[in-house]
Amino acid sequence: MSQKIQMYTNPNVAPSPPGFSQYHSPQNQYPPAGNPNQYPPDGNQKQYPPISNQNQYPPVGNQIQPYQHDQYNMYQHQQQMPPQQNQGYSVIQNPNYPPPYSQGGQVQSGYGPVIQHQPGAYQPSPQVVADGWMPIPRAVPQNCPNGLQYLSTINQLLVKQQVELIEALIGFETNNKYTIKNNAGQKVFYAIEDNDCCTRNCCGPTRPFEMKILDNYKNEVIHLSRPLACQSCFFPCCLQSIEVFSPPGCLVGTVEQDWSILTPMFTIRNAANEEVLKIEGPICRYSICGADVEFKILSKDKTTVVGRISKQWSGLLREVFTDADFFGITFPIDLDVRMKAVMLGACFLIDVMFYEKRGNLEDDGIGLC
């Protein structure tokens with residue numbers, strides 16, 4: 001008991017933990033035990049750092065200091081490891097890795113094909129689209145406006161106007177709605193006229209309108225704008241036209257009516273106002289005995305037929321009591337998608353000019369005057 005009291009009363013000795021022997025401080029400790037309050041020590045006692053020729057830190061003389069040679073290459077004096085020497089973990093060369101895999105009943109060596117989807121998960125086919133809509137083509141042309149990639153793989157469009165019950169019964173003009181399909185019967189676009197009631201019922205077929213053409217996701221991919229104008233041969237300075245935008249706000253082309261007396265004539269122009277194609281209609285626009293009425297799409301020199309816009313027979317009752325018409329558009333499959341969109345705008349202009357009724361009264365005729 002007296003030893004423990006003596007150990008704790010000694011100010012220079014710390015108590016030892018239980019189970020350990022008493023700690024004895026070295027004689028040459030720092031600061032020296034003789035006078036612990038003195039710093040640094042004086043006299044001939046050893047001090048830090050040493051003076052005179054004693055070994056000091058950091059040493060001087062032959063020590064190489066990298067920054068004295070090249071301050072941008074501080075590691076130039078480090079010893080370089082020889083090439084082909086493994087740094088870090090050793091690599092175990094296993095001739096059986098990667099393990100062989102089986103494909104098509106044959107054992108293949110090396111790595112297998114990359115797994116794109118989880119096994120057993122439902123992977124919808126790109127050809128399967130809800131509600132009969134056309135799938136997005138795999139190959140998209142360069143600089144193709146968003147939404148027009150559907151037109152890059154087709155050479156025919158079928159335009160079907162929906163029947164409006166109110167319009168069929170009492171002749172009250174409503175906004176026209178169209179379904180646009182490809183030759184396989186798949187929906188490509190959906191078009192709807194944007195107009196006010198007064199303009200539709202007062203101006204009739206000559207009315208101005210805006211038309212939105214939507215895709216499967218209800219995105220507006222094409223916008224049509226038709227200003228108010230005349231279509232009689234007595235007013236050659238104020239003829240019909242329609243502008244085609246894709247995407248909305250970006251002009252891709254126009255359709256302009258040319259002055260003529262007998263046959264309807266139109267000029268197709270691109271965004272630079274350059275003449276690209278011509279459209280020539282028949283003298284008689286009546287559908288006789290269920291035959292189609294064709295508007296030929298010609299080259300700009302009118303020597304080659306490159307396509308057609310056909311007013312198709314939609315049935316006796318539909319032709320007599322409604323103005324819901326069927327149209328077919330054919331064009332070369334390699335035609336620019338922008339010009340294909342302009343052909344679609346030309347189809348709507350022809351429909352409104354020649355086949356839109358005023359109060360269920362037929363307005364088809366011969367010539368333009």
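Two strands are treated as paired if DSSP finds at least two bridges between them. On that basis, β10 and β11 of this predicted model form a hairpin with four residues between them. The protein chain has five helices and 14 strands, and twelve of the strands close into a barrel with antiparallel pairing. Of the 369 residues of the chain, 34% count as buried.

**Confidence and overall figures**

- The mean pLDDT of the protein chain is 75, and 56% of the residues reach 70 or more.
- Residues 1–9 stay under 50 in pLDDT, and the model has five contacts for them beyond four places in sequence.
- Residues 116–128 are likewise below 50 in pLDDT, and this stretch has five contacts in the model beyond near neighbours in sequence.
- The chain exposes about 24000 Å², of which carbon and sulfur atoms supply 54%.
- Among contacts between residues at least 6 apart in sequence, 43% join residues at least 24 apart.

**The barrel and its helix**

- The strand order in the barrel is β3-β4-β5-β6-β7-β8-β9-β10-β11-β12-β13-β14.
- From one strand to the next, the twist averages 20 degrees.
- Helix α5, residues 337–354, lies across strands β3 to β14. The helix runs at about 150 degrees to β10, which spans residues 265–270.

- Strand β6 (residues 209–214) is joined to β7 by six bridges, and the two run antiparallel. Within this pair, E210 stands opposite S225 of β7.
- Strand β7 (residues 220–226) pairs with β8 (residues 241–245) in the antiparallel sense over three bridges. Here S225 stands opposite E243 of β8.
- Between β8 and β9 (residues 251–258) there are five bridges, again with the strands antiparallel. I242 stands opposite V255 of β9.

**Pairing from β10 to β12**

- β10 and β11 pair in the antiparallel sense over five bridges, and F266 has I279 of β11 as a bridge partner.
- β11, residues 275–280, also pairs with β12 in the antiparallel sense, over four bridges. In this pair, the bridge partner of E280 is K296 of β12.

**Turns and backbone geometry**

- Most residues other than glycine have a negative phi, and most peptide bonds are trans.
- N273, in the loop between β10 and β11, has a phi near 65 degrees, a positive value in a residue other than glycine.
- N143 also has a positive phi, near 55 degrees, and is found in the loop between β2 and β3. At 67% relative accessibility, N143 counts as exposed.
- The hairpin of β8 and β9 has five residues between the strands, and G249 takes a positive phi near 100 degrees there.
- The peptide bond from S246 to P247 is cis, with omega near -10 degrees. P247 is found in the loop between β8 and β9.

- S152 lies in the loop between β2 (106–108) and β3 (156–161). With a relative accessible area of 16%, S152 is buried, because the value is under the 20% cut-off.
- A polar atom of the S152 side chain lies 2.7 Å from the backbone oxygen of Q149.
- Leaving aside residues up to four places away in sequence, S152 touches P137, A139, P141, I333, V337 and K340.
- N182 lies in strand β4 (residues 177–182) and counts as buried at 3% relative accessibility.
- Beyond residues up to four places away in sequence, N182 touches M134, I154, Q156, L158 and V188.
- N182 and I329 are 147 residues apart in sequence, yet their C-alpha atoms are 9.7 Å apart in space.

Notes: Residues are numbered from 1 along each chain as its sequence is written. This is a predicted model: local features need pLDDT of at least 70, side-chain atom pairs count only at pLDDT 80 or more; totals for chains, interfaces and linings use all residues. Side-chain values use heavy atoms; hydrogens and water are left out. Buried means under 20% relative accessible area, exposed over 50%, partly exposed in between (1.4 Å probe, protein chains only). A polar contact is a pair of N or O atoms within 3.5 Å; within protein, one must be able to donate a hydrogen and the other to accept it, and residues adjacent in sequence count only if both atoms are side-chain atoms. Contact means heavy atoms within 4.5 Å. pLDDT is the predictor's confidence in each residue, from 0 to 100. Axes are lines fitted to C-alpha atoms, for helices over the stretch in contact, and angles run from 0 to 180 degrees between N-to-C directions. Accessible areas come from the Shrake-Rupley method with a 1.4 Å probe; for residues, only the protein chains shown count as cover.
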